Amino acid sequence: MRRYPLSFIVLTALGILCAVPGAVSMAGFGGLIHPVLEDPMAGLAFIVSAVAFIGSGLFPLVIARLRAEEETA
């Protein structure tokens with residue numbers, strides 16, 4: 001079984017959790033969750049934050065892969 005870095009798992013999970021209300025808000029149903037999410041720009045802010053979380057989570061994954069590749073070479 002392949003082990004993923006904990007920071008990758010946590011940041012990716014946060015990114016997914018951030019993307020869900022962002023997508024709901026962008027689709028126009030944000031008011032059902034919270035009145036602030038009625039504005040589509042709030043959904044855009046959630047989507048941008050989700051991309052930032054997932055991007056930040058990819059750095060430890062890439063570093064772990066490079067380190068593993070270096071050890072085998």
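## Starting at Leu6

Leu6 sits in helix H1, which covers residues 6-26; helices here are DSSP runs of H or I with at least four residues, numbered from the N terminus. With 65% relative accessibility, Leu6 counts as exposed. For reference, buried means under 20% relative accessible area, exposed over 50%, and partly exposed in between, using a 1.4 Å probe and protein chains only.

A word on what you are looking at: this is a predicted model, where local features need pLDDT of at least 70 and side-chain atom pairs count only at pLDDT 80 or more, while totals for chains, interfaces and linings use all residues. Residues are numbered from 1 along each chain as its sequence is written, and side-chain values use heavy atoms, with hydrogens and water left out.

## How the two helices pack

H1 packs with helix H2 (residues 40-72) at an angle of about 165 degrees, and their axes are 7 Å apart. The axes are lines fitted to C-alpha atoms over the stretch in contact, and angles run from 0 to 180 degrees between N-to-C directions. H1 and H2 are therefore roughly antiparallel, a label for angles over 145 degrees.

Leu61 belongs to H2 and is buried, at 12% relative accessibility. Leu61 and Leu6 are 55 residues apart in sequence, yet their C-alpha atoms are 9.3 Å apart in space. Met41 is also in H2, but counts as exposed at 54% relative accessibility. Between Met41 and Gly22 there are 9.2 Å, C-alpha to C-alpha, with 19 residues of separation in sequence.

Ala23 is another residue of H1, partly exposed at 41% relative accessibility. Its C-alpha lies 24 Å from that of Ser7, 16 residues away in sequence.

The loop between H1 and H2 holds Leu32, which is exposed with a relative accessible area of 74%. From Leu32 to Gly55, 23 residues apart along the chain, the C-alpha separation is 29 Å.

How values were computed. Parallel < 35°, antiparallel > 145°, perpendicular 65-115°, else oblique.
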